[in-house]
Structures are given as C-alpha cells and as structure tokens.
Amino acid sequence: MPTRRLCLSALLALPMALRAQTTSLPLPSGTSDAAALPLPVAQALQQVNLPPQALAVLVQEVNNGAQRLAFNTAQPMNPASVMKLATTAAALDLLGPAWSWRTPVWLLGEVERGRLRGSVLIQGRGDPKLTQERLYLLMRRLRAMGVDQIEGDFILDRAAFEPAAGSAGDFDGEPLRPYNVLPDALLLNLRALMLSFMPDAAHGVARVGLEPPLEGVRVDAVVPLSNAACGDWRGVLKADFADPARLRLAGRYPLACGERQWPLAYADPRAFDARLLQALWTEAGGKLRGGVREGRAPADAPPSFELTSPPLAEVVRDINKFSNNVMAQQLFLTLALERQGSGSVEGARAVMGNWLLQRLGPEAAAGAVVDNGSGLSRQTRLSAALLGRLLQTAWSAPWMPELMSSLPIQGLDGTVKRWNGEPGRAHLKTGSLRDVAAVAGYVLGNSGRRHVLVALVNHPQASAARPVLDALLQWTAQD
C-alpha cells in the first residue's frame with residue numbers, strides 16, 4: 001500500500017492550547033494579478049514563455065517589515081529542495097544547533113591476547129555523517145582497545161528507523177545517482193563511492209582511484225587519454241557498473257578535463273556495508289574470522305563506547321549548501337526518533353506538521369503537504385506565504401545565524417555560485433525538479449535593508465525560469 005503523505009489541513013483540529021503557541025504574524029495578501037509583478041520580472045516571464053500563474057513570489061523586509069511584493073502567495077506549490085529549509089529549521093529549533101547523533105558500539109565478548117572472543121555490534125541512530133574517515137576512527141578505536149582479531153562478526157542494528165520503502169531508482173529511474181540513496185538508521189558513507197581521474201600525460205593514461213575501499217570490488221586502474229574536448233566526459237568513458245564487484249571503463253578520458261571526480265551510489269546497496277567494514281578493518285590491520293550480519297543491540301548492557309557526530313549546525317550546513325537529499329531524509333526521520341521514539345516516515349511527518357502549525361500558524365500551513373523532508377518528491381506542497389513566514393520566524397530565532405550561514409551564498413558557493421549580481425549579497429536555498437524551479441532566502445538590498453525572498457515556479461517549462469529568478473533577485477537587491 002502506498003505511504004500516505006501528511007496534508008496539514010488534517011491537523012487543523014488540534015486543541016486550542018496548541019494554537020495558542022502560534023506566532024501571530026500578518027500573512028502577505030498575495031494577488032494573482034500579473035500587473036502587480038515588477039516590469040523586469042514580467043518581461044523575463046514573457047521572454048521564456050511562462051504564464052504568470054506559474055509563479056508565486058514574496059518579497060518582504062525582515063522582522064515582518066514592509067511588504068514589497070506578494071504574488072500568488074497562498075497557492076500551495078512544489079518547492080523541490082527548498083523544502084530542506086523547513087526540515088533544517090525545525091531540527092535547529094527542536095534539537096538545538098549543538099545537538100549531535102550518537103552511535104553506540106558494543107564489544108560482545110572478552111579480549112584475550114588481541115582476540116575478541118565474540119562480535120562487534122554497531123547500533124545505528126540515524127547519523128548522516130558516518131563517513132569513511134569517522135568509520136576508520138572507529139576501527140582505530142577497536143585496535144586501541146587491544147582488538148587485533150574479531151572471532152565473531154560485525155553485527156549491524158538498524159532498528160531505529162523503519163525500513164525504507166521502495167528502491168533507489170523509484171523516483172526517476174537513476175539508482176546510481178547519489179541523490180537517490182535511501183535513508184537508513186545505519187547509513188555508512190552515504191552508501192556512495194567516488195571515482196577520481198588523474199591524467200598522466202607522460203604515459204597517455206588517466207589513473208583511476210576509488211574511495212572508499214570496498215572488499216572484493218575492483219575498478220580499472222587506468223584508462224587511455226584522448227585529445228577530445230572536455231564535454232560529456234562521463235559518457236565517453238563508456239562505464240559499465242552492472243557488476244557491483246567490477247567497475248569497468250571501456251572508453252577514454254579527455255586530457256582537457258584535468259582532474260575530475262565522479263560520485264556514484266553503489267549498485268548493490270545491501271552489500272555495501274559489509275564490503276566497507278571489511279575493507280576498513282583490514283586497512284586498520286585487523287582480522288575478521290566471521291562476517292557482517294544484522295542483529296539487535298543488547299537492552300541490558302551499556303555500550304563499550306560511542307561515536308559522536310559533528311554538531312547539528314554543521315550537518316545542516318552540509319544539507320543546505322550541497323542540497324544533500326539523503327542527509328535531509330536522515331534528519332527528517334531523526335526528528336521522529338527523538339520526539340516519538342521511532343524513526344518512521346509517518347512519525348516524522350507528524351512531528352514536522354505539528355512544528356509548522358505551532359511556529360507558523362494554521363493559516364500559513366493550510367494546504368501544505370509534507371512528504372520526506374528533502375524535497376525529492378512530486379507530492380510535497382508549500383506556499384510562498386508559508387516559506388516567507390518560516391524565514392521571518394527564523395530571523396527572530398536564537399538559531400538564526402546557524403540557518404542563514406547554511407544557505408549557499410550568491411556568487412560564491414553552492415548552488416548559487418554562478419548567479420548574477422554582486423557576490424555575497426544573498427543567502428539562498430534553491431530547488432529544481434522536472435516542472436519545478438524555486439529559490440528562498442535572504443537578500444541584502446542596496447539600502448542596507450535585508451529582505452526575505454521566496455519564488456516558486458511550477459510549470460512544464462520551469463527549467464527555463466532561471467532568468468525570471470535572476471530578475472527577482474536583482475529587483476529585490478535594488479530596493
């Protein structure tokens with residue numbers, strides 16, 4: 001049975017005690033009259049052949065100051081990755097910027113002369129930053145505790161999150177794209193690989209690296225160079241990743257490309273953790289007599305030690321700067337785990353829905369639909385009014401610096417590095433899907449006043465909307 005999305009209108013019957021906690025801020029009175037749009041924006045819409053009704057815009061001074069533009073603001077629309085603003089804001093508010101994930105580890109047995117007479121159990125609690133580097137530190141910690149050989153197994157406890165529904169290719173048929181990796185309570189290295197290509201012109205080859213190491217997985221060590229232009233360099237490599245144990249490259253690598261990297265989701269996600277842990281344990285100088293299997297953590301024994309993640313503020317920065325979908329979904333499910341005791345999708349939707357109602361109010365949240373917290377969804381719906389209210393609320397919150405600094409900086413980094421205008425004047429989260437283009441954040445105007453900017457485009461030609469969003473950004477800055 002398909003999983004239900006959470007329409008927030010279903011929560012509007014909450015008790016009056018809950019409604020009393022909402023912030024009484026004025027909602028923008030958005031018009032749908034195209035004549036209300038600034039001339040540069042209207043011209044840009046016409047040039048790219050987009051109807052005004054495809055656009056929703058809100059421009060307002062921070063601290064709920066003067067409203068400069070409100071167009072179609074009440075219409076719920078798909079925000080794509082701009083949804084991450086809501087997920088990360090809720091997490092900063094509910095958990096706090098300094099909050100961290102903890103991953104408990106048990107040594108199930110005695111260590112005698114370098115041999116662990118038992119197994120090592122790792123319990124996942126949703127940490128999205130269990131990277132190769134931090135896992136290697138886990139291995140070094142085991143070695144420092146005197147373990148040279150594990151007589152038993154690595155046991156993995158994933159019970160904190162409900163199993164993800166479907167498969168990685170369900171959204172768009174691209175299972176090898178890292179943005180499609182599914183969430184997991186024990187998500188090791190984001191279940192992703194990185195192929196690196198380093199040209200060696202003297203020998204006529206590009207040397208190929210693979211990180212992280214995976215037990216039993218090989219990749220062609222070199223690929224011939226070509227003198228072709230650096231265009232579709234991935235296509236001309238003629239890669240074949242059908243065999244998870246043998247990554248083949250039958251083409252050539254253009255010398256003009258210089259050094260490049262190719263991130264990939266592993267083709268056999270069920271085998272990824274076992275291959276990674278075995279390879280890292282071997283690199284640390286350890287030996288494993290058993291294998292890697294699923295299990296449950298002991299309920300009556302404290303862990304031998306814990307891995308602690310970077311603080312939430314740092315994770316939020318990674319999520320928003322790089323628009324990382326699986327990290328956003330890990331955080332989304334963590335909200336349910338921390339607030340309700342179980343990392344279920346339905347629980348996370350309820351936590352998120354309640355937060356939107358409490359912080360933004362029923363009027364702003366009306367018509368909103370929460371799906372998976374990342375924006376990688378065809379069902380998510382938020383209005384420009386809700387996003388504007390969220391950014392205004394965040395501006396007055398204690399965690400405002402952490403949220404604002406997590407947003408890509410116009411002209412300098414992230415997804416807005418190549419946007420027009422004076423660099424550094426705007427902190428903006430962007431979103432794009434088929435039929436969706438969106439942007440939301442803060443813009444510093446020429447007057448020295450800062451503005452909230454929200455713009456959503458939903459239309460089959462939304463991919464052509466960049467000039468419209470650029471025009472809105474420039475108009476907002478030139479106040």
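## What you are looking at

Since the model is predicted, local features need pLDDT of at least 70, side-chain atom pairs count only at pLDDT 80 or more, and totals for chains, interfaces and linings use all residues. Residues are numbered from 1 along each chain as its sequence is written, and side-chain values use heavy atoms, with hydrogens and water left out.

First up is confidence: pLDDT is the predictor's own confidence in each residue, on a scale from 0 to 100. The protein chain averages 93, and 93% of the residues score at least 70. Where pLDDT is low, the predicted coordinates should not be read in detail.

## Two pairs of helices

Helices here are DSSP runs of H or I with at least four residues, strands are runs of E with at least two, and both are numbered from the N terminus. Two packed helices are described by the angle between their axes and the distance between the axes. The axes are lines fitted to C-alpha atoms, for helices over the stretch in contact, and the angles run from 0 to 180 degrees between N-to-C directions. Angles under 35 degrees count as roughly parallel, over 145 as roughly antiparallel, 65 to 115 as roughly perpendicular, and the rest as oblique.

Take α3 (residues 83-95) and α7 (residues 312-321): their axes come within 10 Å and cross at roughly 180 degrees. That makes α3 and α7 roughly antiparallel to each other. On the α3 side, the contact is made by Lys 84, Leu 85, Thr 88, Ala 91, Leu 92 and Leu 95, and on the α7 side by Leu 312, Ala 313, Val 316, Ile 319 and Asn 320. Sorted by class, that is 8 nonpolar, 2 polar and 1 charged residues. In this sorting, Ala, Val, Leu, Ile, Met, Phe, Trp, Tyr, Cys and Pro are nonpolar, Asp, Glu, Lys and Arg are charged, and the others, Gly among them, are polar.

Now look at α9 (residues 345-360) and α11 (residues 384-395), whose axes also come within 10 Å but cross at roughly 70 degrees. These two helices are therefore roughly perpendicular to each other. Trp 355, Leu 356, Arg 359 and Leu 360 of α9 meet Leu 386, Arg 389, Leu 390 and Thr 393 of α11. This contact splits into 5 nonpolar, 1 polar and 2 charged residues.

## Salt bridges

A salt bridge is a side-chain nitrogen of Lys or Arg within 4 Å of a carboxyl oxygen of Asp or Glu. By that rule the model has 26 salt bridges. One of them joins Glu 294 and Arg 158 at 3.1 Å, N to O. The two partners sit 136 residues apart, with Glu 294 in strand β19 (residues 292-294) and Arg 158 in the loop between β9 (154-157) and β10 (192-200). Glu 294 is partly exposed at 48% relative accessibility, while Arg 158 is buried at 18%. Buried means under 20% relative accessible area, exposed means over 50%, and partly exposed is in between (1.4 Å probe, protein chains only).

Another salt bridge pairs Asp 200 with Arg 207 at 2.9 Å, N to O. Asp 200 is buried, with a relative accessible area of 16%, and Arg 207 is partly exposed at 36%. Salt bridges that share partners also tie Arg 158, Asp 184, Arg 191, Asp 273 and Glu 294 into one network.

Beyond four places in sequence, Leu 130 touches residues including Thr 103, Leu 186 and Leu 307. Leu 130 and Ser 309 are 179 residues apart in sequence, yet 7.7 Å apart in space, C-alpha to C-alpha.

The peptide bond from Glu 211 to Pro 212 is cis, with omega near -5 degrees. Pro 212 lies in the loop between β11 (205-211) and β12 (218-219).

Arg 191 is not a glycine, but has a positive phi of about 50 degrees. Arg 191 is in the loop between β9 and β10 and is buried at 11%. Ser 323 also has a positive phi, near 50 degrees. Ser 323 sits in the loop between α7 and α8 (325-340) and is buried, with a relative accessible area of 17%.

Methods. Contact means heavy atoms within 4.5 Å.
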